Amino acid sequence: MTDSSIKIVLKNVSKHFGKVRALDGIDIEFAQGTLTTLLGPSGCGKTTLLRLVSGLEPVTTGEIWFGDENVTGLSATRRDVGMVFQSYALFPHMTVAQNVGYGLRVLKTAPEEIESRIREVLQMVAMDGYQSRYPDELSGGQQQRVAVARAMVLRPKVLLFDEPLSNIDSKLRRSMREDIRRLQQLSGITSIYVTHDQAEAMAVSDEIILMRNGTIEQQGPPQSLYHYPATVFVADFIGESNIITAELIGSGGKRQIVFGDIKISVSVDEQMPYANGPVKLSLRPEIIELLNSNPNADQRLKGVIVQRAYMGPVIEYSVETKAGTLFTRVPAHSHQFQVNEKVYVHIHPDEIIIIPENDDNN
Ligand SMILES: Nc1ncnc2c1ncn2[C@@H]1O[C@H](COP(=O)(O)OP(=O)(O)OP(=O)(O)O)[C@@H](O)[C@H]1O
Ligand SMILES: [Mg+2]
């Protein structure tokens, strides 16, 4: 982290476009020097939130702070933010060096300083040697790196990325997201990154903010959203999940969950607000094991394979059970089942996620 890293704070921020409530009462703190991802379905308000932080769009109500400065009333040019968009928007008639140096020339930075800053930042994005090329002489990934360099060369207080990788093919996307992560950590610039790809969010983020209909559904490090989804929406959005209905009984940290025709003992975190009664469970595919014999009848669901797909290293199965149809994935080298075959479904009890909050919208 550099000394100049700042935290970004949004206080009760709302943005309305006529009757559309694009954002509603958002309170967030983006810790200094971190990369936070705004994740969520199309139309949930990610781009709007980014535009408010950048100053391209004014808030309807609320305040935005960069460190101890209230920037709510400041225009985009006075906020000191760098932005990288989905379309890299490089100037086609300028070389890489001219593109990267453009902002510094506007600021009337001394030519020697411009030259050394361009060299430094192109080195950071591994594009030194490309100074004299034009954008149409570069691959999509290289253009995107130039766009990142152009934003970083100004040494902004804040870096904003809006789906920077969505025009790039999936293989390159993986290496590009690692580049962005590395550059962000190297520079220590507080960054906000928008995507609707949860795998990308998991890979690049210190924190993920999962948004829904203009509000924050849950915020936390990737692991905590994955392992402790607060709502069905989160469990469904982050990773793959079988959501089933069950009944929670017992007391304290030792409880039982009843679903389908089985009862499984589980230890629950007593700090969590688990109320007995109907609950939703999230069962990740990797915790569901299929067996062809059953020494432990009351612990395992009976099922029938209804679908099977060969995926190379793994085989994906859909299994119909009394608790609903479950999706699972098992290594191809383990025992293979055929469609219509009867199986017993073992669910690893320690890995069952009980979703604390019942969500009526799912
Ligand atoms: N200028 C505008 N005028 C009216 N409504 C708008 C405007 N900009 C955005 N909206 C609305 O605000 C909501 C949030 O839009 P936003 O662009 O922030 O979504 P998003 O999460 O970025 O979606 P996507 O993943 O599709 O990019 C949507 O309902 C959108 O239609
Ligand atoms: Mg958007």
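**Note on the predicted model**

1. The shell around ligand 1 divides into four nonpolar, seven polar and one charged residue (nonpolar: Ala, Val, Leu, Ile, Met, Phe, Trp, Tyr, Cys and Pro; charged: Asp, Glu, Lys and Arg; polar: the others, Gly among them). The model is predicted: local features need pLDDT of at least 70, side-chain atom pairs count only at pLDDT 80 or more, and totals for chains, interfaces and linings use all residues. Residues are numbered from 1 along each chain as its sequence is written, while chains are lettered from A and ligands numbered from 1 in the order in which they are written.

2. Among the residues around ligand 1 are Phe 17, Lys 46, Thr 47 and His 196 (C-beta atom, placed from the backbone, within 6 Å). The most comes from α1, with three residues; helices (H or I, at least four residues) and strands (E, at least two) are DSSP runs, numbered from the N terminus.

3. The domain assignment, automatic or from a database, gives domain 1 (8–227) and domain 2 (232–355). Their centres, taken over C-alpha atoms, are separated by 39 Å. Seven residues from domain 1 and five residues from domain 2 make the contact (C-beta atoms, placed from the backbone, within 7 Å).

4. Six strands form an open sheet of mixed pairing, in the order β6-β7-β8-β3-β9-β10; pairing requires at least two DSSP bridges between two strands. Because β6 (81–84) and β10 stand at the edges with a single partner strand each, one side of each is left without a neighbour in the sheet.

5. Strands β3 (35–39) and β8 (190–195) run parallel and are joined by five bridges. Leu 35 stands opposite Ser 191 in β8.

Key:
Contact = placed C-beta atoms within 7 Å.
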